[in-house]
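Reader: I am new to this structure. Please take me through one spot up close, then show me what lies around it.

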Amino acid sequence: MTVGPGIKARFQCRYPGFELAVDLKLPGSGVTALFGHSGCGKTTLLRCMAGLQRAAGTMSVNGDCWQNDTQTRPVHHRPLAYVFQETSLFPHLTVRKNLLYGYRRTPKANRRIQMDQAIQWLGLEHLLDRMPGGLSGGERQRVAIGRAILTSPNLLLMDEPLAALDQASKQEIMPYLESLRDSLSLPIIYVSHSAAEVARLADHIVMMDRGRVVAEGPLQETLARTDQPFGLEEDAGVILNATVREMEPNWHLARAEFEGGHLWIRSRDSLHQGQRIRLQVLARDVSIALKEHSDQSIQNLIPARVDEIATDLSPGTAMVRLVAGNTPFLARLTSRSVECLDLQPERRVWMQVKSVAIVD
Ligand SMILES: Nc1ncnc2c1ncn2[C@@H]1O[C@H](COP(=O)(O)OP(=O)(O)OP(=O)(O)O)[C@@H](O)[C@H]1O
């Protein structure tokens, strides 16, 4: 069988009352989120990928075939690391020795991630001589992630790694996960049912429902679908990557540039010029005008093109996809407004953005 770059995962398996059937081609780098309601099969799919769950199918990672129709490599021969919701550190070993455990088990020639790097990425310097029993939940999880990546895996599987943490610990650990995403070249499959985590971390998304994939693709593009396979119509919105270009301290505003325009956002102390941020714009916060009105209170007025209109989402409601430069946005309007404005694909309009949130 020829296997190319990226991750190929095709599986079929059954439990009483549940069947998983997926056929996925995923990017060979970055974070792919497996997203969906409880019981939709996210953990089962992750276990199939790891070889922990028997399933018919194929699995390959950047050209390395782990399973096909005739053979399957056992889990301990797959170069992967798995981080669970509940950490399982060795309680009798210090943090340093827990980290070294993964590192030393990896043959020297295969070590691509060094101790110092992992310690720095995960901010573990001051914890090295501590015992796991005395760490907070967030600190323990950071050590567990460190131990996992120090095996230099070719695939990192993370199953709801923040689910057992309180809100404050989740906020604390997020920047470390972001730094891992940006520093590691290895693909990460990240199971979550938190839209906020997905918005912040993922590059690619797989949305599952009852053992099937209902939508899949790059995060930005997929969230901007007018058919809203996520069932999030009320909270539908796009995520965009932007860079802070200008600070207006007198007005407490910052100008964030995205591919195709800029948005004024409310400033905060932690923002600085040149910073890369992710923004969320909800469909219900976007309205459309045919002319550029300057006599109104909305700061963000952006020229855009109508790309697609879906009118049958719920009675009287339409979802309009707009494109500014290369960046898609969604606007949720009444069907009446769509008709009154005579909106059609390709029409040039002005997009009024009432509210923008920094994703964190
Ligand atoms: N070993 C098993 N035996 C029988 N049924 C199972 C087994 N493991 C999982 N299931 C069932 O398969 C379905 C999918 O479970 P899975 O844990 O993969 O979902 P999930 O999306 O990860 O859910 P959650 O977000 O709650 O962890 C559920 O209906 C579950 O009850």
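Reader: What does Glu160 count as, buried or exposed?

Author: Glu160 counts as buried, because it has 20 C-beta neighbours inside 10 Å. The cut-offs are these: a residue is buried with 20 or more other C-beta atoms within 10 Å of its own, exposed with 12 or fewer, and partly exposed in between, the C-beta atoms being placed from the backbone. The model is a predicted one, where local features need pLDDT of at least 70 and side-chain atom pairs count only at pLDDT 80 or more, while totals for chains, interfaces and linings use all residues. Residue numbers start from 1 along each chain, as its sequence is written.

Glu160 sits in the loop between β7 (155-159) and α5 (167-183). Such labels follow DSSP runs, numbered from the N terminus: helices are H or I with at least four residues, strands are E with at least two. Glu160 is not a glycine, yet its phi is positive, about 45°.

Now compare Asp342. Asp342 also has a positive phi, about 50°, and is not a glycine. Its loop runs between α8 (335-340) and β19 (348-353). Asp342 counts as exposed, because 8 C-beta neighbours lie inside 10 Å.

Back to α5. Helix α5 holds Glu172. Glu172 has 18 other C-beta atoms within 10 Å, so Glu172 is partly exposed. Arg147 is 25 residues from Glu172 in sequence, and their C-alpha atoms are 19 Å apart in space.

Next, helix α2 (residues 95-105). Its buried residues are Val95, Asn98, Leu99 and Gly102. They span an arc of only 95° around the axis, so they lie on the same side of α2. That arc is taken from the directions from the helix axis to the C-beta atoms. The buried residues of α2 pack against α3 (115-121) and α4 (137-149).

Now step back to the domains. The chain splits into domain 1 (7-223) and domain 2 (237-358), with bounds from an automatic or database domain assignment. Their C-alpha centres are 34 Å apart. Six residues of domain 1 are in contact with seven of domain 2, contact being C-beta atoms, placed from the backbone, within 7 Å. On the domain 1 side, α6 (195-201) and α7 (219-223) are the elements that give two or more residues. Helix α7 gives the most, four residues. The residues on that side are three nonpolar, one polar and two charged.

Last, a strand pair. Strand β17 (residues 317-324) and β18 pair in the antiparallel sense over eight bridges; pairing takes at least two DSSP bridges. Val323 stands opposite Pro328 in β18. Their hairpin has two residues between the strands, and Gly325 there takes a positive phi near 65°. Strand β18 (residues 327-334) has seven of its eight residues buried, so the rest of the structure largely encloses it.

Technical notes. Contact = placed C-beta atoms within 7 Å. Nonpolar A, V, L, I, M, F, W, Y, C, P; charged D, E, K, R; others polar.
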